[in-house]
Amino acid sequence: MDKKNSGVGVLDKAVAILATLESGPHSLAELVAATGIARPTAHRLAVALEFHRLVARDLNGRFILGPRSAELAAAAGEDRLIAAAAPALAALRDATGESAQLYRRQGDIRICVAVAERLSGLRDSVPVGASLTMQAGSAAQILMAWEDSEKIHRGLKNARYTAAHLAADRRRGWAQSVGEREAGVTSVSAPVRGPNGKVIAAVSISGPIERLGRQPGRLHAAAVVATAERLTEHLKQGK
């Protein structure tokens, strides 16, 4: 049997559409050309996949992967990532003396999915499950910086960071913010990547300007990046 042919034709065609959309937005004509599926069938399947949120439309009406795809991918890797995050964040907290967090993006917000709190003194407390804005903060920058240009353009409309900030984040592999999300609070973040290389989470440390200063990355970027890279490697190895 052909490795691309399971014997269930309609399923094979639906998977072919999803695989094609991995590379980016496609019009119906482009989907037909890429998959070889007859136009009426391609349209019917794409609309059915859209109903189940596996496919969506961009602002130009082109088909793109839908939010359900990301939800399933997150669920598949979440247990492993969060299990690995607990000791990694604790080690990062101990190395920096600051609270450490792990954030995932969910639409227009980011969710704190793991945390290691500073044990004493003034701290920036973000509980697990907290929803924070994607418009401010170093973790928001990291979760935005490697998106496609269209998503970045939309995300920058009301953001407190700029395209130049995101370009700098991509170049050096980490982000910092000073008073962006909350007055007096600074943070440093770095990307965690899934096995496919896509940024799926952000590791952060945060604390008051009085302790971290106005260039917190100089103090702690290396430790934050190292923690993010360890989590990325863990996911890549599938352990």
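This is a predicted model: local features need pLDDT of at least 70, side-chain atom pairs count only at pLDDT 80 or more; totals for chains, interfaces and linings use all residues.
**Entry 1**

I began with the cavities. How many of 30 Å³ or more are there? I found one cavity of that size. The largest cavity holds about 100 Å³ of space. Its lining is made up of 17 residues. I looked up which of them lie nearest the centre, and they are Arg-110, Gly-137, Arg-181, Ser-187 and Ser-206.

E7, which spans residues 185-193, gives the most to the largest cavity, with four residues. I also sorted the lining of the largest cavity by class: nine residues are polar, four are charged and four are nonpolar.

**Entry 2: an open pocket**

Then I turned to the second largest pocket, for which I noted a volume of about 160 Å³. Which residues line it? I wrote down Gln-141, Arg-160, His-165, Ala-168, Asp-169, Arg-172, Gln-176, Ser-177, Val-178, Glu-180, Arg-214 and Gln-215.

At least two lining residues of this pocket come from helix H7 (163-172), and at least two from E6. H7 gives the most, with four residues. By class, I have five charged, five polar and two nonpolar residues in the lining of the second largest pocket.

**Entry 3: two helices**

A packed helix pair is described by the angle between the axes and the distance between them. I looked both up for helix H2 (residues 28-35) and helix H3 (residues 39-51). Their axes come within 10 Å and cross at roughly 115°. Angles of 65 to 115 degrees count as roughly perpendicular, so H2 is roughly perpendicular to H3. For the hand of the crossing of H2 and H3, I noted right-handed.

**Entry 4: Glu-182**

Where does Glu-182 sit? I found Glu-182 in the loop between strand E6 (175-178) and strand E7 (185-193).

Is Glu-182 buried, partly exposed or exposed? Its relative accessible area is 39%. Buried means under 20% and exposed means over 50%, so I put Glu-182 down as partly exposed.

Last, I checked Glu-182 against Pro-208. The two are 26 residues apart in sequence, and from C-alpha to C-alpha they are 9.9 Å apart in space.

Technical notes
Residues are numbered from 1 along each chain as its sequence is written. Side-chain values use heavy atoms; hydrogens and water are left out. Buried means under 20% relative accessible area, exposed over 50%, partly exposed in between (1.4 Å probe, protein chains only). On a 1 Å grid over the protein atoms alone, a cavity is a set of points where a 1.4 Å probe fits but cannot get out, and a pocket is an open set with protein on both sides within 12 Å along at least five of seven lines; lining residues have an atom within 4 Å of a point. Grid points are joined across faces, edges and corners, and a volume is the space filled by probe spheres set on the points. Ala, Val, Leu, Ile, Met, Phe, Trp, Tyr, Cys and Pro count as nonpolar, Asp, Glu, Lys and Arg as charged, and the others, Gly among them, as polar. Axes are lines fitted to C-alpha atoms, for helices over the stretch in contact, and angles run from 0 to 180 degrees between N-to-C directions. Angles under 35 degrees count as roughly parallel, over 145 as roughly antiparallel, 65 to 115 as roughly perpendicular and the rest as oblique. A crossing is left-handed if the near helix is turned anticlockwise from the far one by less than a right angle, and right-handed if clockwise.
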